[in-house]
Amino acid sequence: MAVVFCVWLGAGGKPQGSLPTIEEVGSTLGVPANVKDRDTFHITTEEYLHALISLIEELARLAVNSVTLGDFQRPLQISKFVKDLHAGFQILNLKNDPLRRKSDSIKYNVKKIEDVVYDLSLRNLVPRSTS
């Protein structure tokens, strides 16, 4: 999860707000991703999806803390990114397992971020056209 969050913040030579692929995460950690032909330590798709959900939880916290520190544009960027990720998770056909239960928390984090953006727009701290 930390690798995904660091890359989102702009580490690893990628622009801020970008999402690393599972292969990029594996490369950063020096671990193969999605190995199916042999029994070895690797990053699975399920672990990667758990990391994305954890990223959303951390970004919800970052949106609130950004406002506290006077950065009113970052919550807008976070909101768009998290909404896009949420849309991607809605496409997945997740069974009733821990990943499904954890993915249900995404909508609450989207709501938390939307509340931050709404509050900023009510206080005229962001331009109306971007909120």
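Analyst: A crossing counts as left-handed if the near helix is turned anticlockwise from the far one by less than a right angle. By that rule the crossing of H4 and H6 is left-handed. The model is a predicted one.

User: Why is H4 called roughly antiparallel to H6?

Analyst: The axes of helix H4 (residues 74-91) and helix H6 (residues 106-122) cross at roughly 155 degrees, coming within 10 Å. Angles over 145 degrees count as roughly antiparallel, so H4 is roughly antiparallel to H6.

User: Which residues make the contact of H4 and H6?

Analyst: H4 contributes Pro75, Leu76, Ile78, Ser79, Val82, Lys83, His86 and Phe89. From H6 come Ile106, Lys107, Val110, Ile113, Glu114, Val116, Val117 and Leu120. Sorted by class, this contact has 11 nonpolar, 2 polar and 3 charged residues.

User: What makes H3 and H6 roughly parallel?

Analyst: Their axes come within 9 Å and cross at roughly 20 degrees. The limit for roughly parallel is an angle under 35 degrees, and H3 and H6 are therefore roughly parallel to each other. H3 passes H6 in a left-handed crossing.

User: Which residues of H3 and H6 meet?

Analyst: On H3 they are Ile53, Ile56, Glu57, Leu59, Ala60, Arg61, Ala63, Val64 and Val67. Their partners in H6 are Ile106, Asn109, Lys112, Ile113, Val116 and Leu120. The contact of H3 with H6 has 11 nonpolar, 1 polar and 3 charged residues.

User: How do you know which residues line the largest pocket?

Analyst: A lining residue has an atom within 4 Å of a pocket point. For the largest pocket, these residues are His86, Phe89, Gln90, Leu92, Leu94, Arg100, Ser103, Asp104 and Lys107. The pocket has a volume of about 180 Å³. Two or more lining residues come from each of H4 and helix H5 (98-103), and H4 gives the most, with 3 residues. The lining has 3 nonpolar, 3 polar and 3 charged residues.

User: What lines the second largest pocket, and how do its residues divide by class?

Analyst: This pocket holds about 150 Å³ of space. Its lining consists of Met1, Ala2, Val3, Val4, Val25, Leu29, Ile43, Glu47, Tyr48 and Ala51. Helix H1 (2-8), helix H2 (22-29) and helix H3 (45-68) are the elements giving two or more residues to it. By class there are 9 nonpolar residues, no polar ones and 1 charged. Glu counts as charged, and Glu47 is among the lining residues.

Terms used:
Residues numbered from 1 in each chain as written. Predicted model: local features only at pLDDT ≥ 70, side-chain atom pairs only at ≥ 80, totals over all residues. Heavy atoms only, no water. Axes fitted to C-alpha atoms, helices over the stretch in contact; angles between N-to-C directions. Helix = DSSP H or I, 4+ residues; strand = E, 2+ residues; numbered from the N terminus. Parallel < 35°, antiparallel > 145°, perpendicular 65-115°, else oblique. Contact = heavy atoms within 4.5 Å. 1 Å grid on protein atoms, 1.4 Å probe; cavity = no way out; pocket = protein on both sides within 12 Å on 5 of 7 lines; lining within 4 Å. Points joined across faces, edges and corners; volume = space filled by probe spheres on them.
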